[in-house]
Amino acid sequence: METLMTSLGLNLVQGILLLIFAPLVAGIINKTKARLQKRRGASIFQEYFDICKWWKKATVLTPYTSVIFILAPVVYFMTSLYAATMVPGFLTGQFTVGDAFIFVYILALGRFFMTLSSMDAATSFGGMGGSREIYISVLVEPAIMLAILINSIRYHSTTLSSMVIDYDGAYFTVSAVLACIAFFLVMLAENSRLPVDNPDTHLELTMIHEGMTLEYSGKLLSLIHLGSYLKIIVFLTMFGALYVPINIPLAVKILLGAIIIGIVETLNNKMRLFKVRVYLGAAIVLLLLAIIAE
Amino acid sequence: MDFMMISLLIYLLGTLTIVFPKRIELFAHYLGMICAALGSGLVAYSALNYLLYPADSWLIETGWGSYSLQADAWSSAFLLLTGVAGVMISLYAIDYGKGYLGNRIRLLSGLWNLFIMSIVLVLISGDAFTFIVAWEIMALVSFLLVNHEAGKKKTVSAAYQYMVMTHIGTAAIMVAFYLVGSSSMSFSFGDMANNSLTGFMKDVAFVCAFLGFALKSGLMPLHIWLPNAHPAAPSHVSALMSGVMLKVALYGFGRFAFQFIGMDVFWYGLVVMVVGLISAFLGVLYATMEVDMKRILAYSSVENMGIIFAAFGCGMVLYAMQQPIISIVAFTAALVHAVSHSLMKGLLFMSSGAVMHATGSKNIELMGGLAKKMPYTALFTLVGSMALSSLPFTSGLVGEWLTLQSFITLAQQAANPELRLLVIFAFIMLGLTGATALGCFVRLYGTAFLGRARSNIVDKAHEMPVFMLLGMGLEAVLIVAIGVMPDILVNMMQQVFSGIAAVSMGTPLGIIWGGSGHYAIYSPGIIFIMFALIGVFMVAALYRSSTFVKQDVTWNCGTVPTSRQQYSATGFSKPLRRAFEGILSPQRTRTYLRKEHAYFGRKLRYDLSIPDLFNDKLYKPMQQWMINSSSAFHKIQEGSVSLYIGYTMVAMIVVLIWGVLL
């Protein structure tokens, strides 16, 4: 019991560490994009200032909303934070209770409440975002399942900490490289990044995640943003620890991952909504090949 | 086991309310529902007792002529499920049934008792005859209950469709029983286990049994009766049909698989698994397209039965691969998901009844903002929707997680590439199903309970009376309790399979699955504690600071939004409809009611229908073929008596010649 409590404590510490660094990673992505677009861009600490700014502002609620609207950002943030405690980040080898499928369903809990809240403000923008979010999640989910399947076949476990790449064995395999590429594609879709969603605009033609959060302000908005920054760093951690078959420190992988996201976002346009199924279909085919090659 | 007999007597007493005089019909209704709740309580108690303290045998009674009753661990699991659902739904029906005052309410409460009793009888029957008789009572009584609102044309056609389909299923089951029984020279379940079926006849018996039970549990493509029959029935009846009657089919199939036919043939499990997976995805896809609340739930039942059968099929495959110990996880997954589905589908059908009670409609496109009018119902529905989306802290995830683990285990056992491809298919299907189910229930809950009222039927909505809330509330509490502490249920359910192998998965820490080098753990209790810790911190942070909350209307580009500008349920599922266009083939028609100018003043009528794939591609051609072939026969069978006598004579002559020649 005592070891369990220690391990849970360490997990919480990891979650808080990721929480602290999450806005920084988002800042690095934005800085990369700005530099590549020949702009000076905001400081990499800008996201911290934004969060503090929103936290200080008043929250405007529409009279149509129910308690779900206030609950949703809280749940979304909590699920992201919980996901941060369970990814195999800096605590690999510890006894963690993070199961990969539970990881997926914890994130689904956050998505459930966010999409519900999008329908709560009684506006067409919100519903549009929620509807598209569901569409993309339906396409992403099989890919994530397959990605979990690969590592669990290889390491005989669905516990995230046991699924970390084992550098003592042969790790740079065809299967691992394919899975790495596929998971990167999935990560972009899951975190509402280009080319699936555009995180920079509120334009109704492009918006998915931003459409859902259009009615939010103040503390609730800052929670949502913090939650999505956390989700990026959580996915980067998982990507680095489970799928990048290169033996370098995890922190470097996260940093490089953030920079690559910035580069990819600069080089690509947002694709049409119904092209996304081709994009994610490609990810699924890559994963399929990876499992066959395993 | 004496309790079992007493409960049957109580049900019979409840059935007698049919003949009560009309002037005390309210009393008859109360008596009927109390009898049903009491009887179900006793059933649940005795089943629970047996599961917690397993005795050697649970033989109840043998030898009333050819009828015998018996129960073992496999039937106890289903008796428990029936009992629990029976108590909750009967409590709910105390208030809900009052809506049928003056509309043959005595018949409704009497048949209700008979319905639960027939389900219990199916589960405790000890031989094929008793089983078939009880099965038929169940089918007929549920037909009468579906047909209760016989004034509506749709109801009648749904009821008769159900009647025809269910009898095709019964015929298949009877063939299966006959094959097994004739090869073992007895129709008692104990003797039928020692049958000598082999080879082709065994395959036929399996196919017939699977056909019959798959039809009753609504697996695709045999599901077409289900989305019509369940919405037509009164809500508490649909809750019991969906929550319990579909599971009884799993009980029957399990009896065949475990006891009569065996699971040593590899492809039996494969067939069950693939049919289950396809039903799971297509079921939820159709559910996401519907706007009738009860049809959504009915299609979602197809989905969940699909998942249950997929897990069961996975267990059969693992067993056929000589891995009895690890097949337990799959069988437990099927059973746990069956129990949790009976709870959550019961809850949601009850809440759809509440919504109908409040608004008088089943169409979610006309609703909106119900959460403010009926907060408790909204809360319970939220729990049920979360459970059906298999989210953490609900019982839905327990079954789903075990199902996923069983497929992972199958993947690790799969040495040949064909099986590995099948596992990939399974994971793609389960992933699609999980995410679409989430979308489906977000859409249902978001359209009906959140946002603003889409029509004035919501204005008169009100909170439900106490017994309806009690029934729903108890189910919601059970769902969350199982979701947070799954070990009790999981241990109880894997006990059922102690005949195959003894495995212990449930621990106070959570469910730990460690089969054949594979390791996984799900500890919702710990997740719950962690969430609570984070939650306390969050709430403190949110409420300690003194930032004020303002109220203002929704941003709508400078105009005041109307409630018609909200996303509709049909619009919400549009991207999915487009993405899976090839399967759904939506039929759209657009008619201009008024079009004086190309750009304004137009009045449009937009109709959308999504025909059921199997209805159009399988049943309609089949029906057409039958009509054509009967009209071909019509030429030689025209009703003239002299012609018929002539046929007889010709037949006689042919027989005579045949006899002489041979």
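Me: Two strands pair if DSSP finds at least two bridges between them. In which sense do S3(B) and strand S4 (residues 510–513) of chain B run, parallel or antiparallel?
Reply: This is a predicted model: local features need pLDDT of at least 70, side-chain atom pairs pLDDT 80 or more, while totals for chains, interfaces and linings use all residues. Residues are numbered from 1 along each chain as written, with chains lettered from A and ligands numbered from 1 in written order. Strands (E, at least two residues) and helices (H or I, at least four) are DSSP runs, numbered from the N terminus. Two bridges join S3(B) to S4(B), and the two strands run antiparallel.

Me: Which residue of S4(B) stands opposite Thr507(B)?
Reply: S3(B) covers 506–507. Thr507(B) therefore sits in that strand. Its opposite residue in S4(B) is Gly510(B).

Me: Which are the edge strands of the open sheet in chain B?
Reply: The sheet has three strands in the order S3-S4-S5, with antiparallel pairing. An edge strand here pairs on one side only. That picks out S3(B) and S5(B).

Me: How many residues of S7(B) are buried?
Reply: A residue is buried if 20 or more other C-beta atoms, placed from the backbone, lie within 10 Å of its own; it is exposed at 12 or fewer and partly exposed in between. S7(B) spans residues 587–594 and is hardly covered. Among its eight residues, the buried count is zero.

Me: Which residue of S8(B) stands opposite Thr591(B)?
Reply: S7(B) pairs with S8(B), residues 603–609, in the antiparallel sense. Seven bridges hold this pairing. Thr591(B) faces Arg605(B).

Me: Within what arc do the buried residues of H10(A) fall?
Reply: The buried residues of H10(A) include Val276(A), Leu280(A), Ile284(A), Leu287(A) and Ile291(A). Take the directions from the helix axis to their C-beta atoms. The buried residues line one face of H10(A), because seen down the axis they fall within an arc of 155°.

Me: Which element gives the largest share of the side of chain B that touches chain A?
Reply: Contact means C-beta atoms, placed from the backbone, within 7 Å. By that test, 71 residues of chain B are in contact with 66 residues of chain A. The largest share is 17 residues, from H17(B).

Me: What is the bridge partner of Leu61(A) in S6(B)?
Reply: S1(A), residues 59–61, and S6(B) pair in the parallel sense. Three bridges link them. Leu61(A) is bridged to Gln551(B).

Definitions and conventions: Contact = placed C-beta atoms within 7 Å.
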